[in-house]
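Hello,

Here is the structure we talked about.

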Amino acid sequence: MVNISKVIKKGLLARERLVLALDVDGLKSAEELVNKLKDYVGIFKVGSQLFTSEGIKVIDMVNQKGGKVFLDLKFHDIPNTVKGAAESATKLGIYMFNIHASGGYEMMKAAADAAREISVKLNIKKPLVLGVTILTSINQKVLEKEIGVNKNVKEHVVHLAKLAKSAGLDGVVASPQEIKGIRAGCGDDFIILTPGVRPAGEELNDQKRVMTPKQALEQGADFIVIGRPIRNAKNPVKAAKNILEEMEEY
Ligand code: C5P
């Protein structure tokens, strides 16, 4: 039986570590999911599809229902533009947002500084700012032949994570396979959020290298992102409860 008040990691409950990807196309479908799952999922991830079609209405809806928002727009631009985007994101009262670590030190620092300064100015809690290291859709061949980086993927991920930390970011988004290296390189307080998580026996969909929720926590993940295994389940509440139960075993 799931015990939704059990603290599992760094003082947080399992559901505060569980992020549901709201990969749907409209406000109505998003709202239905939030209504159904808000007692079992702490954070709702709003990505570019939903945000581009519905804008800040989605963020207000999640916030009003007591959920936290992870704004997954992966900003990547010149430092001044990303600074502006980070200011706007912070003003929305979200829990976390992300930027591409490949945008470099100056760009990341501009975002981290902007989030801090605006939160102080508005007297709101600073959103966590996470760096996207290398997308899991990019493999060794693409990294070398297309992007022109002649480095091992895992090494490059750790390099970018360290750069993100030095620029003042709170953590990174990374695949479950990369957690250990990042933890070793960036320490215990650095946040690691990982997608590519599948409960045992679930369909992998297009995810290739997956871990179960418990394995991801054991490797050192702080937050896990899960979409289809909950959204597409016959009974999404039961699916979420099963995941929490597994996380609580950690
Ligand atoms: O449905 P599923 O559990 O695969 O959803 C995972 C979510 O995490 C999706 O929103 C996907 O875009 C996101 N994500 C990912 N891999 C990355 C970065 C983000 O699966 N490397």
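**Ligand site**

The ligand sits in the largest pocket. A pocket here is an open set of points on a 1 Å grid over the protein atoms alone, where a 1.4 Å probe fits, with protein on both sides within 12 Å along at least five of seven lines. "Sits in" means that more than half of the molecule's atoms lie within 2 Å of the grid points.

This is a predicted model: local features need pLDDT of at least 70, side-chain atom pairs count only at pLDDT 80 or more, and totals for chains, interfaces and linings use all residues. Residues are numbered from 1 along each chain as its sequence is written, and side-chain values use heavy atoms, with hydrogens and water left out.

The shell around the ligand (a heavy atom within 4 Å) includes A21, D23, P195, R198 and Q207. By type, the shell holds five nonpolar, three polar and four charged residues.

Polar contacts (N or O pairs within 3.5 Å):
- K45: a side-chain N or O atom is 2.8 Å from a ligand oxygen.
- T136: a side-chain N or O atom is 2.7 Å from a ligand nitrogen.
- G227: a backbone N or O atom is 2.8 Å from a ligand oxygen.

On its own the ligand has 460 Å² of accessible area (Shrake-Rupley, 1.4 Å probe), and the protein covers 82% of that.

Best wishes

Methods
A polar contact is a pair of N or O atoms within 3.5 Å; within protein, one must be able to donate a hydrogen and the other to accept it, and residues adjacent in sequence count only if both atoms are side-chain atoms. On a 1 Å grid over the protein atoms alone, a cavity is a set of points where a 1.4 Å probe fits but cannot get out, and a pocket is an open set with protein on both sides within 12 Å along at least five of seven lines; lining residues have an atom within 4 Å of a point. Ala, Val, Leu, Ile, Met, Phe, Trp, Tyr, Cys and Pro count as nonpolar, Asp, Glu, Lys and Arg as charged, and the others, Gly among them, as polar.
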